[in-house]
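Thank you all for coming; I would like to walk you through one protein chain this morning.

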Amino acid sequence: PNHWQAGDVIVQVHRLALPGDLAPGVYPLELGWYEQDSGARWAVELPGDGTVDRLLLAPLKVGSKDE
């Protein structure tokens with residue numbers, strides 16, 4: 001990430017292992033970057049929205065096993 005430039009597109013796939021007893025519902029997802037050594041979060045500049053330390057993603061909807 002130290003070499004990213006404006007306009008770069010970064011794609012990563014993350015598989016989430018959810019507990020089998022997780023209740024059905026809608027769960028928020030957040031994405032953020034941080035410095036490995038210090039744990040400090042990186043700032044993310046959003047056009048027209050200022051600077052934040054995380055991005056809110058579309059929520060994760062968990063259904064029942066019957067759905």
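Let me begin with the classes I will be using: Ala, Val, Leu, Ile, Met, Phe, Trp, Tyr, Cys and Pro count as nonpolar, Asp, Glu, Lys and Arg count as charged, and the others, with Gly among them, count as polar. Please also keep in mind that what you see is a predicted model.

With those classes in hand, what does the lining of the largest pocket have, by class? There are 16 nonpolar residues in that lining, together with 4 polar and 3 charged ones. The lining comprises 23 residues, and those that lie nearest the centre of the pocket are W4, I10, L31, W33 and L55. The space in this largest pocket comes to about 770 Å³. If you look for the strands that take part, β1 (25-31), β2 (44-46) and β4 (55-62) each contribute at least two residues to the lining.

Now to the chain as a whole. The protein chain has 0 helices and 4 strands, and its pattern, read along the sequence, is β-β-β-β. The radius of gyration is 16 Å, which is well over the 11 Å that the globule rule gives for 67 residues, so the chain is more spread out than a compact globule. Along its principal axes, the C-alpha trace spans about 45 × 30 × 20 Å.

How much of the chain counts as buried? Of its 67 residues, 3% do. The accessible surface of the chain is about 6,300 Å², and carbon and sulfur atoms account for 53% of that area. As for contacts, if we take those with a separation of 6 or more, 53% of them are between residues 24 or more positions apart.

Is V44 buried or exposed? V44 counts as buried, because its relative accessibility is 14% and the cut-off for buried is under 20%. Leaving out residues up to four places away in sequence, V44 touches W33, G50, T51, V52 and L55. A third, L31, is 13 residues from V44 in sequence, and the C-alpha atoms of V44 and L31 are 10 Å apart in space.

E45 lies in strand β2 as well, but E45 is exposed, with a relative accessible area of 68%.

In strand β4 I would point you to L60, which counts as partly exposed at 25% relative accessibility. Beyond residues up to four places away in sequence, L60 touches L16, L18, G25, V26, Y27 and L29. The C-alpha atoms of L60 and P28 are separated by 6.3 Å, although these two residues are 32 residues apart along the chain.

Finally, the segment after β4 contains D66, which is exposed, with a relative accessible area of 77%. D66 and V13 are 53 residues apart in sequence, and from C-alpha to C-alpha they are 27 Å apart in space.

Conventions:
Residues are numbered from 1 along each chain as its sequence is written. This is a predicted model: local features need pLDDT of at least 70, side-chain atom pairs count only at pLDDT 80 or more; totals for chains, interfaces and linings use all residues. Side-chain values use heavy atoms; hydrogens and water are left out. On a 1 Å grid over the protein atoms alone, a cavity is a set of points where a 1.4 Å probe fits but cannot get out, and a pocket is an open set with protein on both sides within 12 Å along at least five of seven lines; lining residues have an atom within 4 Å of a point. Grid points are joined across faces, edges and corners, and a volume is the space filled by probe spheres set on the points. The radius of gyration is taken over C-alpha atoms; the globule rule is 2.2 Å times the number of residues to the power 0.38. Buried means under 20% relative accessible area, exposed over 50%, partly exposed in between (1.4 Å probe, protein chains only). Contact means heavy atoms within 4.5 Å. Accessible areas come from the Shrake-Rupley method with a 1.4 Å probe; for residues, only the protein chains shown count as cover.
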